[in-house]
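Thanks, everyone. I'll keep this short. Let's bring the model up and walk through it.

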Amino acid sequence: MSSSSFIMAIDQGTTSSRTCIVNQAGGLVAEARESFKQIFPKPGWVEHDPEDIWHSTQRSMRLALEKAKISGSQIAAIGITNQRETVMVWDRKTGKSVYNAIVWQCRRTQEICEKLKKAKKEKMITAKTGLVLDPYFSASKIQWILKNAPKAMQKARAGQLVAGNVDTYLLWRLTAGTSHKTDVSNASRTMLMNIHTGWWDEELMKLFNVPQGILPEICPSNADFGRTQGLGFMPDGIPITGMIGDQQSALFGQICFEAGESKCTFGTGSFVLLNTGKKIVKSKNKLLSTVAWKLKNEEMTYALEGGAFVCGAAVQWLRDGLGLFQQSADVEKLAKTVEDTQGVEFVPALTGLGAPHWQPEARGLICGLTRGTTKAHIARATLEAMALQNVDVLVTMQKDLGKKIKTLKVDGGAAANDLLMQMQADYLGLNVIRPQNLETTAMGAAFMAGLGAGFWKDVKQLKRIWKTNKEFKVKMQLKARKERMQRWEKALERV
Ligand code: G3P
């Protein structure tokens with residue numbers, strides 16, 4: 001492998017498309033980000049224009065090459081990680097989508113899911129897919145597109161259409177329509193794949209009215225997915241050897257390779273994933289069992305997943321909704337001006353409560369206000385809530401797993417906040433590890449592609465590349481932790 005070669009990692013997220021260039025030492029050489037339009041046709045509906053997804057991705061690829069001052073021919077392999085569940089259906093010949101991409105956040109298929117619940121299908125669906133029956137996942141969204149886009153079902157049955165999540169769509173565009181594939185981690189979020197077999201499930205396809213011909217081939221996450229063709233700014237023939245859903249990618253990028261290792265990404269919401277090894281751990285508490293990844297010639301690795309819908313979004317609300325400060329990063333400074341919240345409690349259920357509560361109708365609450373309450377107390381209560389809701393998920397995971405979690409690694413924008421990370425360690429009673437490189441989602445895809453292309457030899461080599469920035473050690477005593485959790489639980493009961 002030439003020392004002048006690099007890995008390109010594409011991270012196609014909900015609000016922006018990013019590209020990172022990574023060198024052999026695992027260093028981030030350049031990063032470029034392009035935002036694109038969010039489409040909200042009706043309350044609760046969220047769409048993206050597939051052309052926007054593609055063009056913003058291409059622009060970020062070109063910009064990243066420019067910033068890194070390298071040419072496309074120096075890219076040894078490409079990895080793709082992506083917003084999961086978001087789905088589109090397009091014409092096999094023209095590449096034109098029959099409808100906009102329906103985004104994971106979109107609730108338009110609530111009714112389809114309710115009907116299936118009434119028909120008592122949820123148990124079977126969860127047993128096969130590890131998921132809870134919710135519009136979040138792709139199956140009901142594909143069903144909706146095929147029913148509502150003109151002649152879509154007829155064309156799908158005639159073999160004229162193909163479907164896929166964002167990974168599949170980007171692969172199709174990068175390879176000039178020559179490759180229609182996905183990886184197991186993305187497929188496990190469609191609600192059409194049986195996580196025991198790693199293949200599309202006929203009963204589920206019938207239930208959601210999805211003809212099998214339109215679905216991509218499911219591959220290991222570091223498979224040979226295809227080669228670039230016709231891009232112009234990059235030569236033809238660059239291999240795409242990594243595809244993995246973004247949360248699983250962060251778990252891989254945090255080198256959480258062993259069962260019992262977990263990560264939390266602090267984004268708009270927070271996503272906690274726990275590696276459960278080769279075993280599917282069935283949650284008794286409505287956490288999701290999902291595929292983490294599958295490496296070529298190896299068995300599937302599974303994970304438990306739980307998330308809070310509102311995490312960084314709570315800080316944005318303090319900034320934009322309440323006008324408490326100018327920039328999100330100011331929250332730490334403000335919260336540090338007080339020693340505690342003086343009894344103020346904030347439950348940021350601004351869009352309902354996610355795992356393990358799953359109460360979409362719940363709404364946010366600030367309580368314990370006195371004449372002495374200032375914006376600093378509210379800021380501090382917000383940070384505490386961001387950490388406390390993760391404790392709820394992690395403690396539930398621990399119960400489902402039947403043993404203690406070994407490590408929690410953190411990433412995402414708010415992981416840079418020292419005060420929040422210390423709170424996380426204290427409330428959880430477990431040291432929290434922050435990596436030097438917080439871009440772990442893109443790193444996961446880079447690692448995957450690099451393994452697929454032989455750029456890195458094995459996972460042992462990846463372990464040597466990964467570096468800790470800081471370990472936050474537990475400082476809080478057990479008694480204080482218990483009291484804090486009790487106060488939080490009381491507030492939760494009031495929501
Ligand atoms: O499941 C949805 C998740 O993959 C979206 O992640 O980072 O694009 O908000 P993000």
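Start with the second largest pocket. Its lining has 10 nonpolar, six polar and six charged residues. Keep in mind that this is a predicted model. The pocket holds about 420 Å³ of space. Of the 22 lining residues, the closest to its centre are Val391, Val395, Tyr427, Leu428 and Met485. Which one gives the largest share? H16 does, with seven residues.

Now the sheet. Six strands make an open sheet with mixed pairing, in the order E3-E2-E1-E5-E14-E13. Look at strand E5, residues 75-82, and strand E14, residues 239-245. They run parallel, joined by five bridges. One to click on: Asn82, whose bridge partner in E14 is Gly245.

Two helices to point out here. Helix H1, residues 50-68, packs on the sheet and touches strand E1 (6-12), strand E2 (16-22), E3 and E5. Its direction makes about 150 degrees with that of E3. Helix H14, residues 440-453, lies across E1, E2, E5 and E14, at about 135 degrees to E5.

Last stop, Trp293. This residue sits in strand E17, residues 288-294. Buried or exposed? Trp293 counts as buried, because its relative accessibility is 4%, and the cut-off for buried is under 20%. Beyond its neighbours within four places in sequence, Trp293 has contacts that include Val184, Ile244, Phe252, Phe257 and Met448.

Methods
Residues are numbered from 1 along each chain as its sequence is written. This is a predicted model: local features need pLDDT of at least 70, side-chain atom pairs count only at pLDDT 80 or more; totals for chains, interfaces and linings use all residues. Side-chain values use heavy atoms; hydrogens and water are left out. Helices (H or I, at least four residues) and strands (E, at least two) are DSSP runs, numbered from the N terminus. Buried means under 20% relative accessible area, exposed over 50%, partly exposed in between (1.4 Å probe, protein chains only). Contact means heavy atoms within 4.5 Å. On a 1 Å grid over the protein atoms alone, a cavity is a set of points where a 1.4 Å probe fits but cannot get out, and a pocket is an open set with protein on both sides within 12 Å along at least five of seven lines; lining residues have an atom within 4 Å of a point. Grid points are joined across faces, edges and corners, and a volume is the space filled by probe spheres set on the points. Ala, Val, Leu, Ile, Met, Phe, Trp, Tyr, Cys and Pro count as nonpolar, Asp, Glu, Lys and Arg as charged, and the others, Gly among them, as polar. Two strands pair if DSSP finds at least two bridges between them. Axes are lines fitted to C-alpha atoms, for helices over the stretch in contact, and angles run from 0 to 180 degrees between N-to-C directions.
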